[in-house]
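Trainee: I am new to this structure. Please take one part of it and walk me through it closely. I would like to see how that part sits among its surroundings.

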Amino acid sequence: MIRTKNVSYQTKAGTRILDHTNWEWKYGQKIGLMGKSGAGKTTLAKILAGFLLPSSGEVIPPKERDGVASIQLIWQHPEQAVNPKWRVRKILEEAGEIDQGLLQQFNIPSEWLQRFPQQLSGGELQRICIVRCLMVNPSYIIADEMTSMLDPVSQAEIWKQFMHIVEANNTGLLVISHERKLLERITDHILDIEELQG
Amino acid sequence: MTRKFWVPAIILLLFFLFPFLISGERFSIHLMEKNQAPSFSHLFGTDWLGRDMFFRTWKALQLSIGIGLLTAILSTICSFFMSTLAMLNQPMDRIISWLVDLFLSLPHLVTLLLISFTLGGGMKGVVIGLVLTHWPSLTRILRAEMLQLQQTTYVQMSKKLGKGFWWRAWHHFVPHILPQMLVGITVIFPHAILHEASITFLGFGLSAEQPAIGIILSESMQYLSSGMWWLAFFPGFVLLIVIVLFQLTAKGLRNSLEKDYSYGQITRN
């Protein structure tokens, strides 16, 4: 279980994004997160995943396994989440032995493994990031606009495969998206970011 | 030219290896033939003791290239470790930055003299002195680069994927700062040779019977006014050629490291 205790976050400019947020995310719970642009959805994701420290309050994260965080974030911008100097093979290997089954499920041809990130499109790279995240088998996944760079058909395909794995492992999932239809289909509960403030 | 970095590299290697073939007899003292201008029997002329300057220059060059390269590489490695240590945590960063400022606030030559003198001079004193005085400015550049890298998402993600600090330093930082490190080596190399020359000139460096370019140049100072221009011209010119060759090698090497070989075609030059 992940808990936030009185978490507040204030940007350097002074805008309050989160204000004394108390919230619980139970194991296996699938939550959708919506909200206006700039409301602090990504900030919340970063704070939960430990990429950012809250201004006050604390986040109680789940236990780590061998130094690998049990909560993994799938970044909104895949090109920032991979080292541009590495080939795709090395990017995936950073998370451990490459799982050929996962590559097939996400339609990643093995020829891509020898490419550099700038030789893949945003959507293709996003799939690499999803596979990398699933390879460490986290107990919680935060998917921050994970498929915003894909066309609707491949979006549906990716989500189908993704949910298949997530449901089989009973992974906790927090999906940040602007598409209510998608969230209604895949999550148990939709949360508006404004509910968390206050 | 820059694409084939091995061409200047091989010439440089030959420059370095050729003096092994020269016997000590070739540049020993022949008082009968002193102060001769360049001719076919003595290509670079002879000095005030009748030593053949051609062979002496090559022998000196070997020593200077050796010292220059050794110090350039060692102090670049030193800068890499110092800047990586600075990434470890906040207090470490403070300590390293303070050390950099401390070393930069003293004139190079003074620190160099002190270190070389404490270590008893000679080859060891010169090399250690040069290494310890040349790391700070490069460390500063590398530290700034690494600070930026550490903030990137992929490095933070690497931490979450369970990779340790030194793993990240080696796999994430090194590929990014390798070009800067190569530039560092190219810049330090001529610096090291010239500093070695200046402390030797002041009497704290190598002993006078070991021919190094610095020693030859500083000795010739006294004879230049009597018209013996060849004593300084040829050794200086050869040193210039070596430095140019070295920079061509480094530039070519950097270009070939930055090339993208993923499909056998070059997408970035």
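Mentor: Let us start with the contact between the two chains, bearing in mind that this is a predicted model. In it, 20 residues of chain B are in contact with 28 residues of chain A. Together the two chains bury about 2,200 Å². Of that area, 54% is on carbon and sulfur atoms.

What holds for polar pairs here? The rule finds 11 residue pairs in polar contact across the interface of chain B and chain A, both residues being at pLDDT 80 or more. Which parts of chain B supply the touching side? Helix 6 (153-160) and helix 7 (165-201) of chain B each supply at least two residues of it. The largest share, seven residues, comes from helix 6 of chain B. By class, the side of chain B that touches chain A has seven nonpolar, eight polar and five charged residues. Even so, the count of salt bridges across the interface of chain B and chain A is zero.

Now the close look: helix 6 of chain B. Six of its eight residues are buried, so this helix is largely enclosed by the rest of the structure. The buried ones are Thr153(B), Tyr154(B), Val155(B), Met157(B), Ser158(B) and Lys160(B). What do they pack against? On the chain A side, the partners are helix 1 (41-49), strand 5 (71-74) and helix 4 (122-135). Within chain B, they are helix 5 (122-151) and helix 7. Just after helix 6 of chain B comes Gly162(B), with a positive phi of about 90 degrees.

Take helix 4 of chain A. A salt bridge joins the side chains of Glu94(A) and Arg132(A), at 3.9 Å from N to O. Arg132(A) is in helix 4 of chain A, while Glu94(A) is in the loop between helix 2 (88-93) and helix 3 (100-105) of chain A. The pair links distant parts of the chain, 38 residues apart. Both Glu94(A) and Arg132(A) are buried.

Now take helix 5 of chain B. Here Arg140(B) forms a salt bridge with Asp101(B), and their closest N and O atoms are 2.6 Å apart. Asp101(B) lies in helix 3 (residues 90-105) of chain B and Arg140(B) in helix 5 of chain B, so the pair ties together parts that are 39 residues apart in sequence. Are these two residues buried or partly exposed? Asp101(B) is partly exposed, with a relative accessible area of 40%. Arg140(B) also counts as partly exposed, at 43% relative accessibility.

Chain B has another such pair. The side chains of Arg56(B) and Glu219(B) meet in a salt bridge, 3.6 Å from N to O. Arg56(B) is in helix 2 (residues 53-86) of chain B and Glu219(B) in helix 8 (residues 213-224) of chain B, so the pair ties together parts 163 residues apart in sequence. Arg56(B) is buried, with a relative accessible area of 3%. Glu219(B) is buried too, at 17%. Over all chains, the count comes to five salt bridges.

Last, the record. An unreviewed UniProt entry gives "domain: ABC transmembrane type-1" for residues 61-250 of chain B. In the model, that span is 85% helix and 0% strand. Its end C-alpha atoms lie 19 Å apart.

Definitions and conventions
Residues are numbered from 1 along each chain as its sequence is written. Chains are lettered from A and ligands numbered from 1 in the order in which they are written. This is a predicted model: local features need pLDDT of at least 70, side-chain atom pairs count only at pLDDT 80 or more; totals for chains, interfaces and linings use all residues. Side-chain values use heavy atoms; hydrogens and water are left out. Contact means heavy atoms within 4.5 Å. Buried area is the accessible area (1.4 Å probe) that two parts lose on being put together, summed over both. A salt bridge is a side-chain nitrogen of Lys or Arg within 4 Å of a carboxyl oxygen of Asp or Glu. A polar contact is a pair of N or O atoms within 3.5 Å; within protein, one must be able to donate a hydrogen and the other to accept it, and residues adjacent in sequence count only if both atoms are side-chain atoms. Helices (H or I, at least four residues) and strands (E, at least two) are DSSP runs, numbered from the N terminus. Ala, Val, Leu, Ile, Met, Phe, Trp, Tyr, Cys and Pro count as nonpolar, Asp, Glu, Lys and Arg as charged, and the others, Gly among them, as polar. Buried means under 20% relative accessible area, exposed over 50%, partly exposed in between (1.4 Å probe, protein chains only). UniProt positions are given in the numbering used here, feature names are shortened, and annotations may be inferred rather than shown by experiment.
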